[in-house]
Amino acid sequence: MIERTPILNAITYLIMILGLILILGPFWMIFTAATQSLQEVTAVPFNMTPGGDFFKNVHAAWDRANLGPALLNSLITSLLVMTGKIVLAALSAFAIVYFKSPLRHVFFWMVFMTLMLPLEVRVIPTYNIAADVFEPVRWIIQTLTGIELSLQWNLLNSYSGLVLPLIATATGTFLYRQFYMTLPDELAEAAKMDGARPLRFFIDILLPLSRTNMLALATIMFVYAWNQYLWPKLMTTDASYQTAMVAMRALVPSVNALPEWNVSMAGALIIMLPPLIVVAVLQRWFVRGLVSTEK
Amino acid sequence: MAEIGIKDVRKTYGSTPILHGVDLNFKSGEFVVILGPSGCGKSTLLRMIAGLEEITSGEISIDGKVVNNLEPRDRGCSMVFQNYALYPHMNVAANIGYALKVAGVPRAERDRRIAETAKIVGLEELLDRKPAQLSGGQRQRVAMGRAIIREPKVFLFDEPLSNLDAKLRVQMRVEIRRLHKRLSATSVFVTHDQVEAMTLADKLIVMNKGHVEQVGTPLEIYHRPRTRFVGTFIGSPAMNFFNTTIAPSGDHVLLDGIKQAIDPVLGGKNVGATVSVGIRPEHCRLVPAGTVNSVPANVDFVEELGSGRIVHVEIDGMSFAVSVEEDQFFEQGAVAGLQLPAEHIHLFSLQSGLRLDDAPVATRQPATKTVAA
């Protein structure tokens, strides 16, 4: 806009500042609470200036929630989910866009429809399957042939269990499909003339070209996986597989305990840090991947 | 170097026919240009040779081997695309060498051949650039380098010059011709630009609506167009036409009530036929009004070319374009006389659009096909 309207500008800035306060306010509260002592944090009204107990609180939170292994678990599962989602999305979109199978539209819309079925909706059947992966296979074989198999694979309390049910991604597939569709058909044909088979074309041409797309997806998916609470909570009973989000539960004061919100907030700060770093590092790519004007 | 045989090749998309049975033979080392208006099926035919398009029926063979069911990589063709289709993330060297990389050629050998190819297409200085940093003509060269490095038996060009500006187009045309002379691989070049077609072709194929209209050398096609369509399509400005009937004497037709002489032998065989009479603007003559054997014509408007001019005249509601020399001037609204030399008149049947001719020189190609079949 090239209009000169000082009043409108002032109003725009006012709205932006308000928005900023709305977004950053809670963070400031978390931060100040994390630096205060128990006494300060429980004072009414709440004091918005930082105190001097930050490292004490962080230390307490780390010990109490056993955050070391929990953060490691979160990091491992989030990275696995992120990678898995990107690989799966890139490959399934590749199949949908580049292979002229008559059913590809059906498959695409089926994938797309799963957007309406987030994990929360299908959590019980998913748990069932995770507890006994081969149940449907056994059932099919038994009804078809009458043979009873004793195949079993239990995903509960394992990294595969934490990761696999979260890996399918309609959003990612869609993002990749849109990206592939912006590429000229001649690119695939030129590669064909150059002798590249489909997988070669995918690895040599599509993957490097989709780098920004991939990093954008990585950002979203890492944060998504990191923030998972319901699924890890439900399927890990073994404390050694607890993720940070689940471990955080130990820091929320219970009814008859001391209301140590300063420690909870310190823990929250620690857990928030990795996704913040990822977003900060990748945000340049993230924006470019979503705007995607690079050819 | 390879011959290409195309036998009764058809293509339909769903129920829409695109090619209605094409029969062609390209000799080894020939530069073949397929010319036609957009939608005539010329690109489809090229893509079928390349293997990028399924062949609905018929047979395509390269070097005597039927390639219908071969993958593009096994056909020994390489192709230059209209929009170049360079790999945007690879530099020029990687773009040119990609085919070799896929084929598993060792690095040293690959680098040697990339350098060699870059020299042929004049890109030595630019090997590290990305396609986005190149001009249109340079991209075109990369695309050609990518095609020649594989030392293919056949080069396929799909309107490679139509994205370039006029000056560059002329320059690249010369380079392509020079390259062909040097490599002498069979080349098939698809275009809708008749100047490109005339200047490049050893053998010119004119297509229209999924049919081959004529096959011949550029001169044969210029001088003896087999159909009215070919007559209109080749030559600029386009051929002039008027419809009339051949007089009982067989030696003239009437243009605005005035006798216009035609070849008496040809006319004699077609007395009473309704014909479309065609004559090229460069073969018409404008003389002062009232000259013997001329038809009075009103000068409609004049297009200046510098080296000459195109005068548009009007006779009885029909308009004729006439190319005249640099020293001939005509005023708009003036009356001049139009002369149509009989030796330059083409006669086409009004019903079939086919040339009335006793010796169909230009149709040699289809004739050999009937013998073979």
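What share of the contacts in chain A with a separation of 6 or more comes from residues 24 or more positions apart? The share is 73%, where a contact means two C-beta atoms, placed from the backbone, within 7 Å. This is a predicted model, so local features need pLDDT of at least 70 and side-chain atom pairs count only at pLDDT 80 or more, while totals for chains, interfaces and linings use all residues. Residues are numbered from 1 along each chain as its sequence is written, and chains are lettered from A and ligands numbered from 1 in the order in which they are written.

**Chain A**

- Chain A has 15 helices and zero strands; helices (H or I, at least four residues) and strands (E, at least two) are DSSP runs, numbered from the N terminus.
- Its radius of gyration is 24 Å, whereas a compact globule of 295 residues would come in near 19 Å; the radius is taken over C-alpha atoms, and the globule rule is 2.2 Å times the number of residues to the power 0.38.
- Along the principal axes, the C-alpha atoms of chain A fill a box of roughly 70 × 70 × 30 Å.
- Helix α7 of chain A (residues 135–145) lies largely in the open, because zero of its 11 residues are buried.
- Just after α7(A), A:G146 takes a positive phi of about 80 degrees.

**Nonpolar cores**

- The largest nonpolar core has 112 residues, and B:V33, B:I34, B:I49, B:L156, B:V188 and B:I205 touch the most other members; such a core is a set of buried Ala, Val, Leu, Ile, Met, Phe, Trp, Tyr and Cys residues joined through C-beta atoms within 7 Å.
- Helix α12 of chain A (residues 211–226) brings the largest share of this core, with nine residues.
- Leaving out residues up to four places away in sequence, B:I205 touches B:L24, B:V32, B:V33, B:I34, B:L35, B:V212 and B:V215.
- Another core, of 24 residues, lies apart from that one and has B:M239, B:F242, B:V313 and B:L340 among its members.

**Where the chains meet**

- Chain B puts 16 residues into the contact and chain A puts in 15.
- On the side of chain B that touches chain A, β6 (77–80) and α2 (92–103) each supply at least two residues.
- With four residues, α2(B) gives the most to that side.

**Domains of chain B**

- Chain B splits into domain 1 (4–223) and domain 2 (238–368), with bounds from an automatic or database domain assignment.
- The C-alpha centres of these two domains of chain B lie 38 Å apart.

Terms used. A residue is buried if 20 or more other C-beta atoms lie within 10 Å of its own, exposed if 12 or fewer, and partly exposed in between; C-beta atoms are placed from the backbone.
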